[in-house]
Amino acid sequence: MNELCLAGPLIGLATFCIIGLFHPIVIKTEYYFGTRPWWVFLLLGVVCIVGALLVQHVVASALLGVTGFSSLWTILELFEQRTRVKKGWFPKGPGHRD
């Protein structure tokens, strides 16, 4: 079995794990820091996407791309999380300015 046979399942599993990892990151970031660090996710996203364009290894490029776009999606989710906190669905943390 060659590397390409395993590439699809590996990318799929890693994508599942990356997306799953970003979910608690959104919750914890919003809880402790509010939406202020959104720019960190922008920077991480851009760096990972540029890295995906530069890396020639298919699996590494795919994982950098998935991480980059997940990071960019995290910006939206961070602001959505703020709305969920305001609705009382999640606890308000010390990262909130009143």
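Relative accessible area sorts residues into buried (under 20%), exposed (over 50%) and partly exposed (in between), using a 1.4 Å probe and protein chains only. The structure described here is a predicted model, in which local features need pLDDT of at least 70 and side-chain atom pairs count only at pLDDT 80 or more, while totals for chains, interfaces and linings use all residues. Residues are numbered from 1 along each chain as its sequence is written, and side-chain values rest on heavy atoms, with hydrogens and water left out.

Side chains of opposite charge can pair when their charged atoms come close. A salt bridge is counted here when a side-chain nitrogen of Lys or Arg is within 4 Å of a carboxyl oxygen of Asp or Glu. Searching the whole structure turns up one salt bridge. Its partners are Glu77 and Arg84, whose closest N and O atoms are 3.0 Å apart. With a relative accessible area of 22%, Glu77 is partly exposed.

The helices come next. Helices are DSSP runs (H or I, at least four residues), as strands are (E, at least two), numbered from the N terminus. Helix H2 spans residues 38–54, and its axis lies 7 Å from that of H3 at an angle of about 160°; axes are lines fitted to C-alpha atoms, for helices over the stretch in contact, and angles run from 0 to 180 degrees between N-to-C directions. H2 and H3 are therefore roughly antiparallel, a label for angles over 145 degrees, with under 35 being roughly parallel, 65 to 115 roughly perpendicular and the rest oblique. The crossing of H2 past H3 is left-handed, meaning that the near helix is turned anticlockwise from the far one by less than a right angle (clockwise would be right-handed).

Contact means heavy atoms within 4.5 Å. On the H2 side, the residues meeting H3 include Trp38, Phe41, Leu42 and Cys48, and their counterparts in H3 include Leu64, Phe69, Leu72 and Phe79. The residues of this contact divide into 13 nonpolar, eight polar and no charged; Ala, Val, Leu, Ile, Met, Phe, Trp, Tyr, Cys and Pro count as nonpolar, Asp, Glu, Lys and Arg as charged, and the others, Gly among them, as polar.

Leaving aside residues up to four places away in sequence, Leu72 touches Phe41, Leu42, Gly45 and Ile49. Between Leu72 and Leu44, 28 residues apart in sequence, the C-alpha distance is 8.1 Å. The C-alpha atoms of Trp73 and Trp38 are 10 Å apart, with 35 residues of sequence separation.

Helix H1 (residues 3–33) contains Ile25, which is partly exposed at 28%. Ile25 and Leu78 are 53 residues apart in sequence, and their C-alpha atoms are 9.3 Å apart in space.
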